[in-house]
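Subject: Structure handover

Hello,

The structure I promised is below. My notes on it follow.

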Amino acid sequence: MSLYATTSHTVGPYYHIGLTWLNREDLTVAATLGERVAISGQVVDGNGDVVNDAMLEVWQANAAGKYDHPEDEQDKALDPNFEGFGRVPVDAQGRFRFTTIKPGSVPGLQGTTQAPHLVVLVFARGLVKHLLTRIYFDGEALNGDDPLLACVPAQRRGTLIARQDAAGVYQWDVVLQGTDRETVFFDY
Amino acid sequence: MNDKPGYRRPHAGTQPDYLHPAYQSTNLRSPSQPLVFLPHSLSEITGPTIGAERVSETDNDLTAQHEGEPQGERIIIHGRVLDENGLPVPGILVEIWQANAAGRYNHERDLHDAPLDPNFTGTGRTVTDAEGWYQFQTIKPGAYPWGNHHNAWRPAHIHFSLFGPSVLTRLVTQMYFPGDPLLEYDPIYNCVPDTSAKQRLIASFDLEKTIPSYALGYRWDIVLRGRDATPMEK
């Protein structure tokens with residue numbers, strides 16, 4: 001039997017009433033293993049105006065580089081205190097901020113190694129289908145060998161790399177549209 | 001180690017392009033640069049597993065969240081969540097939200113001049129059972145005007161959000177009702193060219209599910225992306 005996936009539609013402007021119960025600004029608890037990082041930024045549209053009705057969802061591996069998921073069969077330890085998921089709201093200025101741990105590296109396809117990264121889904125009114133992007137970390141030695149970053153035109157790669165403002169404090173913006181600053185989004 | 005199979009790419013015409021000018025909010029929010037093709041790695045074939053531990057058994061009854069009964073036509077919506085290979089998707093979170101019977105959301109940004117209902121929040125959630133079935137009891141939402149174009153009205157709809165087994169099966173969509181005259185004018189419903197794909201967003205009346213003297217039944221099945229049969233590496 002072969003079916004086609006149901007068509008995606010926008011979350012619209014009123015998704016808060018259904019979805020905010022899973023909001024989280026901190027993906028960690030006290031016992032979570034790993035280096036804490038605070039990531040903040042702003043969502044803007046093609047005019048540079050703030051998008052105050054967007055929502056992010058974050059998915060990541062734990063500090064050892066293992067996903068809390070049955071498809072991850074690596075011989076690495078799960079962290080019972082880290083799920084790796086967070087739904088992150090934006091405020092009236094389109095700003096978001098969340099705390100998590102820097103994930104370990106995970107394997108890529110064909111024997112490659114991926115640099116530490118977070119998978120980010122972006123939802124908003126006007127996005128008929130959610131966007132998929134990634135956050136990498138400034139200064140990571142593995143960034144230079146990351147197989148996905150290598151697929152991104154060099155001049156756009158920076159939009160995927162969070163800038164470190166202070167130890168453990170990162171800045172990463174979502175630019176939905178634009179000729180030079182537009183965030184790299186993936187055809188998933 | 002051979003790579004695990006990724007997920008099927010969308011069938012032509014069944015998923016929207018980001019830019020859909022008839023829906024004006026897409027004009028400044030859709031990417032203008034080329035999307036970068038994403039091979040499906042471990043980061044994408046995994047995903048959050050949010051299951052029954054966070055949902056109570058009564059979270060799927062939107063008519064029982066307040067002291068009184070909400071206004072409106074009581075309905076039961078049920079259906080099956082399958083993947084593109086026809087297999088049921090058990091144990092996954094399904095979240096819904098909707099306007100009340102008058103077409104007003106219980107949301108501070110909804111300024112439509114229609115009454116709020118103190119007995120209706122419009123939020124529900126459940127987890128699919130072992131065979132992929134879900135069910136909600138609610139009231140039929142009203143149509144409402146929006147500012148997209150002159151005399152624009154959204155057809156009655158319920159928003160659905162589903163996770164599924166991986167990041168790639170994440171789906172947010174809207175379910176519509178049969179026979180709604182507003183569908184043909186709605187730029188969101190019409191955001192894909194494939195007529196069958198659009199029609200699959202419309203629930204069907206289900207007499208067997210209808211409870212005598214109590215509630216009308218509707219059936220709506222949802223399909224999430226399925227795995228590729230063949231691994232990427234041979």
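A residue counts as buried here if 20 or more other C-beta atoms lie within 10 Å of its own, with C-beta atoms placed from the backbone. By that criterion, buried residues make up 48% of the 188 residues in chain A. Please keep in mind that this is a predicted model.

Fold of chain A. Along the principal axes, its C-alpha atoms fill a box of roughly 45 × 40 × 40 Å. Of the contacts in chain A between residues at least 6 apart in sequence, 70% join residues at least 24 apart.

Contact between the chains. Chain A contributes 57 residues and chain B 68 residues. On the side of chain A, the elements giving two or more residues are α1 (16–19), β5 (106–107), β7 (117–124) and β12 (186–187). β7(A) gives the most, with five residues. By class, this side has 30 nonpolar, 19 polar and eight charged residues. β12(A) also runs parallel to β1 (residues 36–37) of chain B, joined by two bridges; in β1(B), B:Phe37 is the bridge partner of A:Asp187.

Annotation. For residues 77–105 of chain B, UniProt lists "domain: Intradiol ring-cleavage dioxygenases" in an unreviewed entry. That span is 0% helix and 45% strand, and its end C-alpha atoms lie 19 Å apart.

Regards

Terms used:
Residues numbered from 1 in each chain as written. Chains lettered and ligands numbered in written order. Predicted model: local features only at pLDDT ≥ 70, side-chain atom pairs only at ≥ 80, totals over all residues. UniProt positions renumbered as here; feature names shortened; annotations may be inferred. Helix = DSSP H or I, 4+ residues; strand = E, 2+ residues; numbered from the N terminus. Buried ≥ 20, exposed ≤ 12 C-beta atoms within 10 Å, placed from the backbone. Contact = placed C-beta atoms within 7 Å. Nonpolar A, V, L, I, M, F, W, Y, C, P; charged D, E, K, R; others polar. Pairing = 2+ DSSP bridges.
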